[in-house]
Amino acid sequence: PRARINGLGIDFDGATILDLGCNQGGMLHALGSQIKWGVGLDYDTRMVNVANKIARVNRRNNLSFYAFNLENESLDIIKDFLPSKQLDYVFLLSVCMWIANWKEVILFFSKISDAMIFESNGTPEQQDEQIDYLREIYASVEQVTEESHDDPGQKSRRMYKARRLITEP
């Protein structure tokens, strides 16, 4: 996770972050005390339990992890997990091919965050569709990586930084 974060070229000091599909919370744990707070969500309760255990062992009171199914639960409920109404960043890394409502997820979180760190996944056609949609929602979409180095089985994944440059009235 630290190598992936460093490759983004973003200063996360004091940032507020929501990690969707956080698994064991690796990205948030790697940011640790650098961020103001981080919330991770994953559908797998076992991964959430591990993420919370790591946070306790490392005394990271600024990190919280919750079980949540992005497809079967109302996205509005997520707002109750967040310490504030607005976020600096949402991480959506290699999740979209696994959920049918991925467009709804991207749109929903574009409204409560300044930026999204996004990693495409799936077939080349699925990934192109994901990035095309990201470009419809965000004013700036910058590709950060050509391929993934952390999962040999999914090397074709690409990382992006998406930012809202235009503020809606």
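At 12% relative accessibility, Tyr133 falls under the 20% limit and therefore counts as buried. The model is a predicted one. Trp102 is also buried, at a relative accessible area of 11%.

**Aromatic pairs**

The count of aromatic pairs comes to 6. A pair of aromatic rings is described by the distance of the centres and the angle of the planes. Two of these pairs are listed below.

| Pair | Centre distance | Plane angle | Type |
|---|---|---|---|
| Tyr66 and Phe81 | 4.4 Å | 15 degrees | stacked |
| Trp102 and Tyr133 | 5.8 Å | 90 degrees | edge-to-face |

Trp102 belongs to helix H4 (residues 102-110) and Tyr133 to helix H5 (residues 124-137), so their contact ties together parts that are 31 residues apart in sequence. Tyr66 is partly exposed, with a relative accessible area of 30%, and Phe81 is partly exposed at 22%. Elsewhere, Phe12, Tyr89 and Phe91 form one aromatic cluster.

How many of the 5 residues of strand E1 are buried? The number is 5 of the 5, so E1 (residues 16-20) is largely enclosed by the rest of the structure. In a regular strand the side chains alternate between the two faces of the sheet. In E1 both faces are covered, with Thr16, Leu18 and Leu20 buried on one side and Ile17 and Asp19 buried on the other.

E1 runs parallel to E2, and 5 bridges join the two. Within this pairing, Ile17 stands opposite Gly38 of E2. The chain passes from E1 through H2 to E2 in a β-α-β crossover that is right-handed. E1 also runs parallel to E4, with 4 bridges between them; here Leu18 is opposite Val90 of E4.

**The largest pocket**

The largest pocket has a volume of about 770 Å³. Its lining consists of 30 residues, and those nearest the pocket centre are Gly21, Asn23, Asp42, Leu93 and Ser94. Helix H2 (26-31) and strand E2 (37-42) are the elements that give two or more residues to this lining. By residue class, the lining divides into 12 nonpolar, 9 polar and 9 charged residues.

Methods
Residues are numbered from 1 along each chain as its sequence is written. This is a predicted model: local features need pLDDT of at least 70, side-chain atom pairs count only at pLDDT 80 or more; totals for chains, interfaces and linings use all residues. Side-chain values use heavy atoms; hydrogens and water are left out. On a 1 Å grid over the protein atoms alone, a cavity is a set of points where a 1.4 Å probe fits but cannot get out, and a pocket is an open set with protein on both sides within 12 Å along at least five of seven lines; lining residues have an atom within 4 Å of a point. Grid points are joined across faces, edges and corners, and a volume is the space filled by probe spheres set on the points. Ala, Val, Leu, Ile, Met, Phe, Trp, Tyr, Cys and Pro count as nonpolar, Asp, Glu, Lys and Arg as charged, and the others, Gly among them, as polar. Rings of Phe, Tyr and Trp (its six-membered ring) pair if their centres lie within 6.5 Å; planes under 30 degrees apart count as stacked, over 60 as edge-to-face and the rest as tilted. Buried means under 20% relative accessible area, exposed over 50%, partly exposed in between (1.4 Å probe, protein chains only). Two strands pair if DSSP finds at least two bridges between them. A crossover is right-handed if, with the strands pointing away from the viewer, the path from the first strand over the helix to the second runs clockwise.
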